[in-house]
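Thank you all for making the time this morning.

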Amino acid sequence: MTALVGIGLYSPKQAERLIGVEADKIRRWLLRDTSPLGPLWHPEPEALGAEDTLSFRDLLEVRAVAQFREYVTMSAIREALASLRDYLERDYPLTHPRLLTDGKAVFLRHLEENGIEALTDLGKRQAVFPDVIFPSLLKGIEFDASENPIRWHPDPQDPSIVIDPKLAFGKPIVLPCHMSTHAIYSAFQAEDGDAEAVARNFEISLDEVNRAVNFEKRIAAGALLH
């Protein structure tokens, strides 16, 4: 169990609520060997004995796949994954702050030796012109110095809602109290919608209660985010 702490844990259904990708599609992409090519990758918790479960990095990578899938074919994504894993030497290459797409292929933004910014087509491995590229699809994600994702602000309307794999097993929390939005919402329902009672009981602000409740209502209604 210790090995699972700090990586975030999500069932496919929980992931669906957060990123808007159907649980069956997540299972088809990662958890079932239904394709002769196999899954896109094996989820991080699988090697630690947790089946049918995604980590924080898996969650964001699936979100990236779904967004890229709106523009490119799955075969192009598989090709980009293979190329990026080799090029970047990382297991989750699509969650990279310098990835872009032009609607047909996936590109990596980088600096040439002469200091000029360039783009490389990860399928063809050749330089392309920057002005044909759409903006990055990774808004809301915080990265560390090694360009690994460490936090995600899933709600574009409320930056105080945060998903951090080191806190609450990666479930959404509300700042600054760092409490689970689900726990606050469950208490809100138990108090028959009395937000002030929840704030008193948890010793948090009324604003934090209202933000957590609003977030949970929105994801329950499918009104997010992704």
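Let us begin with Glu 147, which counts as partly exposed because its relative accessibility is 23%, a value that falls between the 20% limit for buried and the 50% limit for exposed. Please keep in mind throughout that what you see on the screen is a predicted model.

What does Glu 147 pair with? Its partner in a salt bridge is Arg 98, and the closest N and O atoms of the two are 3.1 Å apart. If you look for them along the chain, Arg 98 sits in the loop between helix H4 (74–88) and strand E1 (99–101), while Glu 147 sits in the loop between strand E5 (141–143) and strand E6 (149–152), so this pair ties together parts that are 49 residues apart in sequence. Arg 98 is itself partly exposed, with a relative accessible area of 23%.

As a general point, side chains of opposite charge can pair when their charged atoms come close. In this structure there are 10 salt bridges, and I will show you some others.

The next one joins Asp 155 to Arg 218, with the closest N and O atoms 2.3 Å apart. Here Asp 155 belongs to the loop between E6 and strand E7 (161–162), whereas Arg 218 belongs to helix H7 (residues 206–220), so the pair ties together parts that are 63 residues apart in sequence. Are these two residues buried or exposed? Both Asp 155 and Arg 218 are buried.

Glu 16 is partly exposed, its relative accessible area being 23%. There is also a network of salt bridges, which links Asp 158, Asp 207 and Arg 211.

H4 has 15 residues, which at 1.5 Å a residue should span 21 Å, and its end C-alpha atoms are 20 Å apart, which agrees. Its buried residues include Met 74, Ile 77, Leu 81 and Leu 88, and the buried residues of H4 pack against helix H2 (23–31), helix H3 (56–69), E1 and strand E2 (106–111). Just after H4 comes Glu 89, which takes a positive phi of about 55°.

Terms used
Residues numbered from 1 in each chain as written. Predicted model: local features only at pLDDT ≥ 70, side-chain atom pairs only at ≥ 80, totals over all residues. Heavy atoms only, no water. Salt bridge = Lys/Arg side-chain N within 4 Å of Asp/Glu carboxyl O. Buried < 20%, exposed > 50% of the residue type's maximum accessible area, 1.4 Å probe, protein only. Helix = DSSP H or I, 4+ residues; strand = E, 2+ residues; numbered from the N terminus. Expected span 1.5 Å × (residues − 1). Contact = heavy atoms within 4.5 Å.
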